[in-house]
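Morning, everyone. Please bring up the model on your screens, and we'll walk through it together.

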Amino acid sequence: MFKKLAAEALGLGDIGKIIPSQDYDKVDSDDYILSEDNEKIFFLIKSKRDEYCFTNRALIHIDGASALDRKRVLRRYEYYQFPFSNVALQTAGTIDLDVEISFNVGNVPLMISVAKGQIDQLKDLYKALLAIQQVVHHNHSLLNFSNDSLQKAITTVAAGKQESVSKSQELRTINEYIFAWNTTSFDKYTQKDFSKVFEKYINN
């Protein structure tokens with residue numbers, strides 16, 4: 001009840017509103033933040049139906065079937081698992097009341113309307129999402145390069161003769177090496193926390 005009253009006090013309409021950081025404790029998304037793992041909110045858009053909460057780790061989307069229905073569906077998209085693509089910003093025309101940011105998170109297309117008076121803040125989010133998209137793509141490319149190098153090395157080793165080593169010992173050694181290589185490469189080239197990106201671009 002408190003959060004419903006708080007939402008009404010924030011003056012929310014069908015068009016989304018960017019919520020200031022001092023009011024993050026008044027929104028539903030705040031209940032689902034993994035604060036135990038140092039997750040925090042950097043940007044939040046709320047309408048009567050939906051909440052789009054951008055944390056340093058994930059996009060949390062609280063989806064209402066309608067503005068009149070109490071049922072909500074909570075979806076969480078970790079940035080490294082659901083990379084952004086097709087990020088676009090549509091500015092307002094003369095008679096428009098809103099501006100829109102659209103993007104895919106993984107294979108899920110999303111379009112968010114925001115009051116056009118908050119266009120400058122939405123531009124900051126646009127920059128942050130583009131930067132996250134670039135970081136994830138770069139890391140994914142490096143991980144692929146690492147895996148390709150490993151496969152070439154395995155092929156080279158397999159072509160050599162190792163008469164003094166049993167097949168089972170050779171298999172065990174190669175398997176352990178591959179597992180260690182893949183684990184190290186994944187940890188090195190998989191970024192899960194994007195705090196620095198948000199701190200760089202989000203100025204509200």
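Is Phe103 buried or exposed? Phe103 is buried, with a relative accessible area of 1%. Buried means under 20% relative accessible area, exposed means over 50%, and partly exposed is in between, with a 1.4 Å probe and protein chains only.

Two ground rules. This is a predicted model, so local features need pLDDT of at least 70 and side-chain atom pairs count only at pLDDT 80 or more, while totals for chains, interfaces and linings use all residues. Residues are numbered from 1 along each chain as its sequence is written, and side-chain values use heavy atoms, with hydrogens and water left out.

Now the strands. Helices (H or I, at least four residues) and strands (E, at least two) are DSSP runs, numbered from the N terminus. Two strands pair if DSSP finds at least two bridges between them.

Look for an open sheet of three strands. Its order is E6-E7-E8, and the pairing is antiparallel. Strand E6 (84-90) and strand E8 (108-115) stand at the edges. Each has a single partner strand, so one side of each is left without a neighbour in the sheet. On average, neighbouring strands here are turned by 15° against each other, direction ignored. That angle is between axes, which are lines fitted to C-alpha atoms, for helices over the stretch in contact; angles run from 0 to 180 degrees between N-to-C directions.

Strand E7 covers residues 98-105 and pairs with E8 over eight bridges, in the antiparallel sense. Find Glu100: Ser113 in E8 stands opposite. A reminder for reading any sheet: in a regular strand the side chains alternate between the two faces.

Rings of Phe, Tyr and Trp (its six-membered ring) pair if their centres lie within 6.5 Å. Planes under 30 degrees apart count as stacked, over 60 as edge-to-face, and the rest as tilted. By this rule, there are eight aromatic pairs. In one of them, the ring centres of Phe54 and Phe103 are 6.2 Å apart and the planes are at 65°, so the pair is edge-to-face. The pair links distant parts of the chain: Phe54 is in strand E3 (residues 50-55), Phe103 is in strand E7, and they are 49 residues apart. Phe54 is buried too, at 0% relative accessibility.

Tyr79 and Phe84 make a tilted pair, because their ring centres are 5.3 Å apart and their planes are at 40°. Both residues are buried. Phe54, Phe103, Tyr79 and Phe84 belong to one aromatic cluster, which also includes Phe42, Phe43, Phe194 and Phe198.

Next, the core. A nonpolar core is a set of buried Ala, Val, Leu, Ile, Met, Phe, Trp, Tyr and Cys residues joined through side-chain atoms within 4.5 Å. The largest one has 30 residues. Ile45, Phe54, Leu59, Phe84, Phe103 and Phe198 touch the most other members. Several elements each supply at least two residues, among them strand E2 (41-46), helix H2 (119-159) and helix H4 (195-201). Which element gives the largest share? H2 does, with eight residues.

Phe198 is worth a click. Contact means heavy atoms within 4.5 Å. Leaving out residues up to four places away in sequence, Phe198 touches Phe42, Phe54, Thr55, Asn56, Tyr79, Ala128 and Ile132.

Now E2. Six of its six residues are buried. Two bridges join E2 to strand E1 (residues 17-18), running antiparallel, and Lys17 stands opposite Lys46. On to E3: five bridges join E2 and E3, also antiparallel. A hairpin connects the two through three residues. Phe43 has Phe54 as its bridge partner in E3.

Last topic: charges. A salt bridge is a side-chain nitrogen of Lys or Arg within 4 Å of a carboxyl oxygen of Asp or Glu. How many are there? The count comes to 11. Lys46 and Glu51 form one, at 2.5 Å, N to O, and both residues are buried. Glu78 and Arg57 form another, with the closest N and O atoms 3.4 Å apart. Glu78 lies in strand E5 (residues 72-78) and Arg57 in the loop between E3 and strand E4 (58-64), so the pair ties together parts that are 21 residues apart in sequence. Asp63 and Arg75 also meet, at 3.3 Å, N to O. Here Arg75 is partly exposed, at 35% relative accessible area. Finally, shared partners join Asp37, Glu39, Arg57, Arg76 and Glu78 into one salt-bridge network.
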